[in-house]
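Work through the exercises below with the sequence and the model at hand. Each task is followed by a worked solution.

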Amino acid sequence: MLYGIVFIFISVLATQLYCNIFARCGCSIIKCLSDYLWQTLVPLLFFSFIWMLFKFINEQEKLVKITQERTEMELKFLKSQIDPHVLLNNLNTIYAYSIDKPNQTPNLILKLSENLKHVLYETSNELISLEKELQFIENYIDFQKIRTEGVKEVNYQCKFDSDEYRIAPLLLITIIENAFKHSIIHSKIDITINVENYHLHLKSSNLFYSTKNENSQTIGLENLKKRLLLIYPNNHSLSIHKQKNIFTIELKIDQL
């Protein structure tokens with residue numbers, strides 16, 4: 001409404017100026033408007049359109065910037081939920097082994113040190129080397145093998161055809177950790193990671209009790225789903241299957 005009033009006022013004023021200065025007809029305002037309005041209205045409409053177009057583009061740029069900032073904040077929040085969770089489990093394991101099996105504690109501390117270095121110094125970027133991320137996962141699995149020795153059988157296989165791939169940090173560890181955390185004792189955990197021609201395929205399966213409280217499991221997987229939607233919105237698939245007492249997760253990323 002305000003823009004309309006301002007536009008009409010400017011149109012009348014511009015027409016009057018044109019009538020008195022350029023045309024010099026000396027006629028009344030009404031006659032000026034009837035005779036010369038179109039000569040001032042067309043340029044005003046043109047420049048008004050240009051002004052509105054620039055304003056629209058500026059608003060869109062602001063909206064895109066706000067959306068990007070919101071996405072970055074959400075990603076940082078989601079990732080911050082992962083880091084302490086993984087490290088806390090490792091610290092609890094070291095504490096238990098320092099009492100029961102002190103001779104294995106140095107090896108556990110070394111694994112934890114390597115994982116800490118990865119989390120603190122190598123995961124600040126949006127994408128990091130897949131090779132480093134897989135090394136982090138291998139350290140984590142080695143750590144868990146020591147912790148679950150004689151209790152769980154772990155079968156881990158990993159293949160990748162290039163060291164040039166990049167991936168979002170701490171993305172795959174949620175699936176790996178889920179398999180260890182929610183599997184039952186005296187059971188087998190199967191984890192395979194295959195990366196070929198920029199396609200990643202991760203599959204994890206473990207035995208679990210269907211009556212077990214799954215709140216923490218749900219939180220971790222929901223976190224993973226949100227990160228995948230934000231980082232790989234159109235080129236990933238995540239399937240979760242529960243058949244009898246076997247829990248299977250498959251993640252595919254089409255373009256790394």
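**Exercise 1.** Is Asp-190 buried, partly exposed or exposed?

Solution. The model is predicted. Buried means under 20% relative accessible area and exposed means over 50%. The relative accessibility of Asp-190 is 24%, so Asp-190 counts as partly exposed. Its salt-bridge partner is Lys-188, with the closest N and O atoms 3.8 Å apart. Lys-188 is partly exposed as well, at 40%.

**Exercise 2.** Find how many salt bridges the whole structure has, and describe the one made by Asp-142.

Solution. The search of the whole structure gives three. Asp-142 pairs with Lys-111 at 3.4 Å, N to O.

**Exercise 3.** State what separates Glu-222 and Lys-225 in helix H6.

Solution. The two residues are three apart in helix H6, which means a separation of about one helical turn. Glu-222 is partly exposed at 35%, and Lys-225 is partly exposed at 34%.

**Exercise 4.** Locate Ile-141 within the largest nonpolar core.

Solution. This core has 35 residues, and Ile-141 is one of those that touch the most other members. Helix H4 (130–147) is among the elements that give two or more residues to the core, and H4 gives the most, with six. Beyond four places in sequence, the contacts of Ile-141 are Val-154, Tyr-156, Ile-176, Phe-180 and Ile-191.

Definitions and conventions. Residues numbered from 1 in each chain as written. Predicted model: local features only at pLDDT ≥ 70, side-chain atom pairs only at ≥ 80, totals over all residues. Heavy atoms only, no water. Core = buried A, V, L, I, M, F, W, Y, C linked by side-chain atoms within 4.5 Å. Buried < 20%, exposed > 50% of the residue type's maximum accessible area, 1.4 Å probe, protein only. Helix = DSSP H or I, 4+ residues; strand = E, 2+ residues; numbered from the N terminus. Contact = heavy atoms within 4.5 Å. Salt bridge = Lys/Arg side-chain N within 4 Å of Asp/Glu carboxyl O.
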